[in-house]
Each structure stands twice: as C-alpha cells, then as structure tokens.
Amino acid sequence: MAARGFPYTDLKDFLAALERAGELRRVGVPVDPTLEISEIVTRTVRDDGPALLFEQPTRGEMPVAINLFGTEKRTAMALGVESLDEIGNRIGEMLKPELPVGLSGMMGGLGKVMQLTSMPPKKVRTAPCQQVVYRGGDVDLNRLPGLQVWPGDGGIFHNFGLTHTKHPETGKRNLGLYRLQQHSHNTLGMHWQIHKNSTAHHAVAERLGQRLPVAIAIGCDPVVSYASSAPLPADIDEYLFAGFLRGERVEMVDCLTVPLQVPAHAQVVLEGYLEPGERLPEGPFGDHTGFYTPVEPFPVLHVEAMTMQRDPVYHSIVTSKPPQEDHGLGKATERIFAPLLRFLIPDIVDYDLPAAGVFHNCAIVSIRKRYPKHAQKVMNAIWGAHMMSLTKLIVIVDEDCDVHDYREVAFRAFGNVDYARDLLLTEGPVDHLDHSSYQQFWGGKAGIDATRKLPEEGYHRGWPEEMTMAPEVVSLVDKRWKEYGI
C-alpha cells in the first residue's frame with residue numbers, strides 16, 4: 001500500500017473502490033462498442049453520472065471500463081486525495097526556496113527528500129500484465145473491445161492506450177496518451193501530434209534509418225493513467241511524477257520483445273515497432289474539439305506481442321464536444337499545476353481553464369495588478385510557458401475576481417474592456433487538432449485585459465467604484481432570512 005494510504009494496485013482495485021463508494025454501475029446486458037457505448041457514456045457524463053463497466057460488449061473478449069475520471073470527485077479518488085488542490089499544495093511546498101531552520105525545519109526538509117527518493121520506478125522480474133502471452137501469428141487486436149465513438153469515425157479506435165517510446169540516442173523515455181486506430185488484426189495507426197515528445201523520438205529514429213520500438217499499456221492504475229495525460233516538461237519522467245502522486249514507486253517490467261518497460265499491473269500490453277518512412281492514412285476521428293479531425297498520414301505500429309492479465313478489463317474514453325469525461329483529467333491538470341505556473345509566473349493569483357474551451361483554447365487568469373500593462377506582460381509570459389503556448393484566448397482579471405465564477409468573469413470581460421485599447425492580438429502555435437486556424441499548427445491569439453485601468457495606461461476618467469452592499473446589512477439579512485418567508 002502506498003505511503004498516503006493508496007489502495008489501488010491496479011485498475012481492478014480502483015473499480016472496486018468506485019463500486020464501494022457508489023460511483024460505479026455495471027451494465028450486464030450486451031452492448032455494441034460501435035456507437036452504442038458512446039451514446040450511453042455521453043448521456044451519463046452530461047447527467048454527472050457514474051463510472052460504467054460494460055460486462056458484455058459485443059466485440060472483444062473483456063469488459064469495458066469507462067467514465068472513470070468523469071467528475072472531479074472521481075478524479076480526486078483516482079489520485080488518492082479529498083481535493084485536487086491537495087496535490088498542487090504539495091508541489092507548492094516543494095517549490096518553496098526557504099532553507100530549513102532548526103530541528104523541525106531539518107525534519108521537514110528530510111521529509112521532502114524522502115518524497116523525492118520514492119519517485120523512481122521499481123523494476124520487477126515478473127508481472128501480472130504478462131500472465132497471458134500472444135506472439136507473432138497469435139496476436140489479434142480483435143480480442144480488444146475497441147470503440148467506434150462517432151458515425152463518421154474511420155473505424156475502431158483504442159482511446160486510452162499509454163504509449164511508451166525511448167529517444168534512440170539519449171535513451172530518455174516518454175509516456176504519452178494518443179488515440180490508436182486499428183488498421184488490421186496486428187497494426188495500429190499512431191496519432192501522435194507535432195508538439196508531442198514521441199514525435200521527436202520517431203523523427204530521430206527515421207533520421208538514423210532505425211525502427212522505433214513502441215509499447216502500449218491499456219488499463220493501468222489510475223495514477224499512471226493520469227500521469228500519461230499530464231503536460232510535463234520533456235525532462236521530467238512521467239513515472240517519476242506518478243511516483244510522486246502515489247507516494248510510492250511504480251512497479252515496471254521489461255517487455256518481452258522490445259527494449260522498453262511497462263507498468264507491471266497494466267491490464268493489456270501491446271509490443272511492436274515502427275518501420276522508418278512508413279505511413280498510412282489515419283482518421284477521421286470525432287475528437288474532443290467536437291469536430292471530426294481530417295484524414296492524415298501517421299506512422300504504423302506492427303504489433304509483435306500482446307500480453308495481458310488473466311480476466312483483464314479494457315479501459316477507454318469517449319471524446320466529444322464538452323462536457324465529456326476528459327473534463328476531470330483537465331481539471332486535475334489545472335489544479336495540480338497551478339503552483340508550478342505561479343512559480344514560473346509569480347504575477348498569477350489563480351487561473352481557470354474552462355471545459356467549454358477544451359482546456360487549451362481559453363485561460364482565465366487573475367493577477368494582483370501593480371503597474372501599467374501588467375496584464376499584457378502576463379499574457380506574453382503564459383504564451384511562453386510550455387504547453388500553455390497553445391492557449392488561444394487569455395482573459396486577465398483583477399485578484400478580487402473569482403476566476404471559477406464564469407458569470408463574474410463575463411461581467412468583467414464584457415464591461416471592463418475598451419476593445420480598441422485592451423485587446424492584444426498576436427500569432428503563435430495552436431493545437432494540432434485546431435480546425436479554426438487558416439493553416440495547420442499556428443494561428444491568431446487574443447488577450448483581453450479586463451482589469452481596472454490605471455491613469456498611467458491612459459485612463460484619466462477615474463475608475464468607478466463597484467457597488468457592494470454594506471457588510472452589516474448582509475449579516476442582518478442572513479440572520480433574518482427565515483423570518484421573511486421568501
């Protein structure tokens with residue numbers, strides 16, 4: 001059991017915990033993985049419904065677990081905390097630069113070191129994910145209940161496969177979460193986007209004329225699954241981060257046919273390689289943008305081995321116009337990385353990534369404004385901060401605005417802005433899947449300064465005072481509210 005009482009050895013343990021908490025429903029009747037599961041899940045997510053376990057999919061040989069991260073409550077359960085801010089606070093404490101003072105300070109510093117030493121993954125010789133092994137001609141991806149989520153999709157996709165690659169020259173590992181289109185019983189399309197680290201690994205392998213080994217783990221424990229989606233800098237290993245979140249080291253095992261390691265407690269593992277120069281059309285696919293992404297050429301994974309636990313559970317996700325299950329994953333990232341963003345840009349008080357903006361299209365940011373054009377300075381800093389560079393719209397508000405209260409934000413953005421002066425337009429990189437940019441990979445961006453304006457910014461009318469009720473009257477009405485009979 002992990003240091004902070006982590007109960008989840010693997011996906012099955014997490015499903016059991018969800019069921020005990022009343023957060024899981026079993027669907028015992030046959031259900032078609034082509035479209036029917038998608039429609040059921042979409043309705044469930046939009047009703048803030050439970051995680052689902054489809055016990056009899058009509059394709060494949062194992063049940064389908066889905067909507068595991070569909071609410072903030074379940075995402076917090078997945079990460080072993082009461083509130084997602086708890087993890088962010090832990091990161092914030094580790095970022096503090098103060099030196100330990102006295103015995104208690106030294107013990108606190110030792111505790112942080114112990115946290116760090118618990119992070120590296122631990123290699124094991126045998127693993128549940130290799131209880132059943134298929135090689136060569138016995139490999140059949142049709143054993144998996146892959147989904148067709150939308151009518152216009154190009155076929156069956158595996159949507160929660162954790163993809164492992166290694167830099168051919170440095171040996172640096174990358175873990176990413178990419179959709180996988182099933183081309184045949186033993187080949188998959190690798191939709192890794194231009195900004196992803198695995199794309200860089202593949203480019204190096206092709207330059208060297210080498211095959212790139214790949215391993216895909218499906219149905220990992222929820223912390224590893226989340227870590228695969230986290231926007232970590234390239235020099236931070238996802239398994240170090242998962243170990244930090246878990247409070248214990250992640251157990252890894254050597255693959256059987258490729259020089260990579262995978263989580264020992266994954267449900268299913270696919271091992272194979274990419275031939276240099278080989279591409280096949282991939283897509284279309286109904287993505288989280290709410291639109292189909294077009295057909296494009298992507299690398300092809302040749303699966304040489306398929307290993308799994310006995311009685312495995314297949315994990316997947318439905319992507320669509322928000323709200324959808326990835327809301328929980330996106331909100332976790334927002335809260336967990338808030339202290340890191342504030343560390344990089346100390347001007348920031350808080351921020352919110354609205355689900356309706358699919359998390360990278362819009363950022364609402366509050367600042368403690370101190371000087372003229374402070375808001376514009378923060379906008380440019382955000383566009384220079386790792387994957388925040390893909391943000392298309394930034395709304396800057398004063399620190400007394402709750403960035404999570406969209407009505408209050410809208411009030412500021414609609415009423416506090418002279419769009420001839422307070423709108424910053426620029427260009428830069430956008431998400432690979434962005435359909436609105438007139439050319440792929442880059443497009444226009446906007447920053448809205450919805451803060452109170454200063455005389456030094458050219459505003460000489462005297463910023464008006466916002467109306468607020470006298471505190472003593474608010475208190476009086478609170479006390480007498482029941483008397484009013486309203």
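**Entry 1: the loop at Pro284**

I started at Pro284, which sits in the loop between strand E13 (280-282) and strand E14 (285-286). I checked omega for the peptide bond from Gly283 to Pro284 and found that bond to be cis, with omega near -5°. A reminder to myself: this is a predicted model, and every value in these entries is computed from it.

**Entry 2: a backbone angle at Asp311**

Next I looked up Asp311, in the loop between strand E17 (300-308) and E18. Its phi is positive, about 55°, although Asp311 is not a glycine.

**Entry 3: the sheet that includes E18**

From there I followed E18 into its sheet. Which strands make it up, and in what order? I read E1-E2-E3-E18, four strands in an open sheet with mixed pairing. Strand E1 (24-31) and strand E18 (314-315) are at the edges with a single partner strand each, so one side of each has no neighbour in the sheet.

I then went through the pairing of E1 with strand E2 (residues 51-57): the two run parallel and are joined by six bridges. In that pairing, I found Val31 opposite Pro57 in E2. Helix H1 (residues 11-20) packs on this sheet and touches E1, E2, strand E3 (64-66) and E18, with its direction at about 110° to that of E1. I also noted helix H2 (residues 36-46), which lies across E1, E2 and E3 and runs at about 160° to E2.

**Entry 4: the three-stranded sheet**

My next stop was another open sheet, this one of three strands in the order E4-E10-E11, again with mixed pairing. Here E4 and E11 are the edge strands, each pairing on one side only. From one strand to the next, the twist averages 45°.

How do the neighbours of E10 run, parallel or antiparallel? Strand E4 (residues 122-124) is parallel to strand E10 (residues 251-254), and three bridges join them. Val124 is the residue I found opposite Val253 in E10. On the other pairing, E10 and strand E11 (residues 261-263) are antiparallel, also with three bridges. Asp254 has Gln261 in E11 as its bridge partner, while Met252 stands opposite Pro263 in E11.

**Entry 5: helices H7 and H8**

I turned to helix H7 (residues 222-229) and helix H8 (residues 238-246), whose axes come within 9 Å and cross at roughly 135°. That angle makes H7 oblique to H8. The crossing is right-handed.

Which residues meet there? From H7 I listed Val223, Val224, Tyr226 and Ala227; from H8, Glu238, Tyr239, Phe241, Ala242, Leu245 and Arg246. Sorted by kind, the residues of this contact are eight nonpolar, no polar and two charged.

**Entry 6: aromatic pairs**

Last, I searched the whole structure for aromatic pairs, and the search gave eight. One of them is Phe69 with Phe160, a stacked pair at 6.3 Å centre to centre with 15° between the planes. I wanted to know where the two rings come from. Phe69 is in the loop between E3 and helix H3 (72-78) and Phe160 is in strand E6 (residues 157-166), so the pair ties together parts that are 91 residues apart in sequence.

Notes: Residues are numbered from 1 along each chain as its sequence is written. This is a predicted model: local features need pLDDT of at least 70, side-chain atom pairs count only at pLDDT 80 or more; totals for chains, interfaces and linings use all residues. Side-chain values use heavy atoms; hydrogens and water are left out. Two strands pair if DSSP finds at least two bridges between them. Contact means heavy atoms within 4.5 Å. Axes are lines fitted to C-alpha atoms, for helices over the stretch in contact, and angles run from 0 to 180 degrees between N-to-C directions. Angles under 35 degrees count as roughly parallel, over 145 as roughly antiparallel, 65 to 115 as roughly perpendicular and the rest as oblique. A crossing is left-handed if the near helix is turned anticlockwise from the far one by less than a right angle, and right-handed if clockwise. Ala, Val, Leu, Ile, Met, Phe, Trp, Tyr, Cys and Pro count as nonpolar, Asp, Glu, Lys and Arg as charged, and the others, Gly among them, as polar. Rings of Phe, Tyr and Trp (its six-membered ring) pair if their centres lie within 6.5 Å; planes under 30 degrees apart count as stacked, over 60 as edge-to-face and the rest as tilted.
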